[in-house]
Each structure stands twice: as structure tokens, then as C-alpha cells.
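Please read these points with the model open beside you. They cover a few local contacts, the sheet and the aromatic rings.

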Amino acid sequence: MAQKTVYFIEGDGIGPEVWGAARPVIDGAVQKAYGKSNKLVWEELLAGQKAFKEVGEYLPQATMDVLAGAELAMKGPLGTPVGKGFRSLNVTMRQAFDLYACIRPIRYFDGIESPVKHPEKVDMVVFRENTEDVYAGIEYASGTPEAKRLIDFLRSELKADVDAAAGIGIKPMTERASKRLVEKAIRYALDQKRSSVTLVHKGNIMKFTEGAFMNWGYEVAREKFADEVMTEAELETGAKPVVIKDRIADAMFQAVLQAPQDYDIIATTNLNGDYISDALAAQVGGLGLAPGVNKSDTLSLYEATHGTAPTIAGRDKANPGSLILSGAMLLEDIGWHEAADSIRGAVNKAIAAKRVTVDLAMQISGAETVGCKEFGEILLANL
Ligand code: NAI
């Protein structure tokens, strides 16, 4: 019998509802594909509000200890206060476990009315660097002693023209983190027989961080994949499986709207990746169906890519699709392809039958709105 342990964090807001709908679908797909011979063993870990209520901490050490030795985990959304309060638990976990690659496949599900004319042309996978950039958490509020000290240093030692009243954030980016992210993206492109990897950056303005990311990306491509990749300049004369392109982030936001068929795998920095993965998800019908995973070299943490949706929490309205499709990514990664295909097929079928949660129903004319729980039951029946 093939058994895999998956640690799971329920999450805040709509977290418990989407889990309640998602787990039976993921288990059902495994059972449907392999009967009793394959099984996922679920073990709950505490984090967020539930952890705070039960043990008085948002991210208990016990959870961190288990995740440190884990291979597979899944999480619902965790709330983060804006502009005050504790640091994002998501960011803390990404950094603590060195989950350096955030991977989000974005493709269209037939039948959803998208804001663009040809959403079916979108079939991309975003590899977002997950540990550095302005997410490093080195930020000081305007007027604090730390901000003043840093500004004094910048003005006096480096002759930088910084307003003494500014709030200050730091954007550290390294060769090591940039190269390992781009390497992972290129390996994925080769494994999955995709045709290009585009390095997305804002290097025209931030030369030594964003621009360096692009240079390091090309360097690792040359150093490790010389026989398998080529640049756009070499396209006319060469015939290697993967083309490495680069695009400035603002131009890329236009390009994915105007010519999405020209882009395949995107490798990018942390902040750009955050923006572009949500923008692409919107292009194909929203966050409710966007799966994702955060990976280190040992741990894969699959997640619902949306947040806690506080306005609909507890109202049986949330779409569990993001978590369910993240489950399909997990099954794909452990080689249980039939179960993963069955989940994606079940989602296609529910959309074709126009029986979906409200967020999708708003994008499908004539659709019947069903609750979170019922949507899960429909998917289970469709497997
Ligand atoms: P959000 O993703 O929670 O909500 C944005 C919009 O999408 C809202 O209109 C919401 O109702 C809707 N929505 C989100 N998920 C949905 C679903 N599954 N089904 C139907 N509709 C859905 O983003 P927001 O409002 O910016 O953040 C709320 C909280 O979530 C914040 O505390 C934020 O820090 C946290 N958050 C956590 C994430 C994570 O754990 N990975 C990711 C994004 C936000």
C-alpha cells in the first residue's frame, strides 16, 4: 500500500469551510483512482486564530518543529493585519523553512467568462522567488529611532538624498537565491517540455537588485543548461528546447494581456511575482481556482492562493477550488497522476454543468449558485 502523510493547517476565515469541502474531494480522487492501494494520511497542525485560541500563539513551536521535518503539507489562508500587528505567518513560514520557490500554474477552465477575449491562450506557470526582496521584513516606520539612524547613515556616509521623515524599507537580493529560483524554473520547463522561461524584472530602475536578478538568471542558464537552453537572440540560428527571455515587469503586464500565447514559464522576483500571479489568475477567472505551492529542497507546502475572505467567512459561500486544485498539484508531484487528472476533470465538469460557487457563477451566464459544501459534493460526484 502506498501511503503519504500530509500535514495540514486549516487556516483562518473561510479556511475551515474550504477544507471541509476540499478534503473529501482529494481523498475521493485517490480512492477512485487506486482503490485501497493508495492513501493520504492527514495530520493537523495548528496555526493562525485556531492556534491562538488553543495554545495562545499564532505559530506554535510544535507546528514549526513538525514542518521542519515534513515532506508534504497543505494550508488554508492565514490572516495578516495590514500596517500594524504581527508579521505575516505566511512570510514567516516561507523564510523559516526556506520555501524559496512559490509556483503557481495558471490556465483557463472552459466555460468561465473572463475579462479578456481569449483566456484560453493563458497557460503559464509563475515561479516567484519567495525569501528575499522587500518581503525580507527589514522595514522601519517614519519617525522611529531606527528609521532616523538609517537615514542619518544613508545621508552622511553614502551621500544619499533621503527625506529625514521617510519610512524606510530594504530590498536585499542575492545571487544564490536568484539563481536557485531560475534553475528550478528551467528544470521544470525542461521536465514538462515547455518552450520558454521569461525572466521578469524591473532592472531598468533597480539595477543592482532586479537587474542583477536578470543577469544571474542568464548566468545560471549558461552555467547549468548550456546544451538545453538558448536566448531569444539565438532563436534564428539555434534549435534547443527552451528559450530564455527577459521582460521588464511593466511591459510584461501588457504582454500577458496582448500576447499570452508567447509566454510559458515565468521566473521572477518576490514582489513582481505576487502581482503578476494574481493578475494572471484574474485573466482566467479569478483567485477561486488558482492553486499554488511553496517549495524548499525538502518541503512542499501547497496552499489556497486566496486570503481569508472575511466578508464571506462562515456563510458557506467560498469557493474551495483553489485548495482542491492545490491538492491536485500535490498528487501530481507525488506521481499520482490519475487522481490529479480526475480532480481537474471534476472541476471542468462542474463548470460545464454551470453549478458553481457565487464567485464563479458571476462569471458564467445562466449558472446556478451553490454553496461551498455543495460544490465540494458536486466535485466528489464528478470524479
Ligand atoms: P482575499 O483573497 O481574502 O479576498 C479578496 C476577494 O476575493 C474578496 O472579495 C473575497 O471575498 C474574495 N475571495 C477570496 N477567496 C475566495 C474564495 N475562495 N471564494 C470566493 N471568494 C473569495 O484577500 P484580502 O481581502 O486582501 O485579504 C484578507 C486576509 O487574507 C488578509 O488578512 C490577508 O493578509 C490574508 N491573505 C492570506 C493569504 C494566504 O494565507 N496565502 C493570501 C492573501 C491574503
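**Notes on the model**

1. Setting aside neighbours within four places in sequence, Glu139 contacts Ile168 and Gly169. Contact means heavy atoms within 4.5 Å. Glu139 lies in strand S6 (residues 139–140). Helices (H or I, at least four residues) and strands (E, at least two) are DSSP runs, numbered from the N terminus. Glu139 is exposed, with a relative accessible area of 64%. Buried means under 20% relative accessible area, exposed over 50%, and partly exposed in between (1.4 Å probe, protein chains only). From Glu139 to Ile168 the C-alpha distance is 5.6 Å, across 29 residues of sequence.

2. A word on the basis. This is a predicted model: local features need pLDDT of at least 70, side-chain atom pairs count only at pLDDT 80 or more, and totals for chains, interfaces and linings use all residues. Residues are numbered from 1 along each chain as its sequence is written, and side-chain values use heavy atoms, with hydrogens and water left out.

3. Now Lys202. It is in the loop between strand S8 (196–201) and helix H7 (207–225). Lys202 is partly exposed, at 21% relative accessible area. Beyond four places in sequence, Lys202 touches Glu210, Ile248, Asp250 and Asn272. With Asp250 there is a side-chain polar contact of 3.2 Å. A polar contact is a pair of N or O atoms within 3.5 Å; within protein, one must be able to donate a hydrogen and the other to accept it, and residues adjacent in sequence count only if both atoms are side-chain atoms. Ile364 is 162 residues from Lys202 along the chain, and their C-alpha atoms are 36 Å apart.

4. The sheet is open and has eleven strands, in the order S2-S1-S3-S13-S12-S4-S5-S11-S8-S10-S9, with mixed pairing. Two strands pair if DSSP finds at least two bridges between them. Which strands stand at the edges? They are S2 (38–44) and S9 (229–231); each has a single partner strand, so one side of each lacks a neighbour in the sheet. S9 runs parallel to S10 (residues 242–248), joined by three bridges. Met230 is opposite Val243 in S10.

5. From one strand to the next, the twist averages 25 degrees. Axes are lines fitted to C-alpha atoms, for helices over the stretch in contact, and angles run from 0 to 180 degrees between N-to-C directions. Helix H4 (residues 89–96) packs on the sheet.

6. The whole structure holds six aromatic pairs. Rings of Phe, Tyr and Trp (its six-membered ring) pair if their centres lie within 6.5 Å; planes under 30 degrees apart count as stacked, over 60 as edge-to-face and the rest as tilted. Tyr34 and Trp336 are edge-to-face, because their planes stand at 65 degrees, with ring centres 5.9 Å apart. Tyr34 is in helix H1 (residues 15–34), while Trp336 is in the loop between H10 (321–333) and H11 (337–352), 302 residues apart. Both Tyr34 and Trp336 are buried.

7. Phe52 and Tyr58 are stacked, 4.4 Å centre to centre with 10 degrees between planes. Phe52 is partly exposed at 39% relative accessible area, and Tyr58 is partly exposed at 23%. Elsewhere, ring pairs link Phe8, Trp19 and Trp42 into a cluster.
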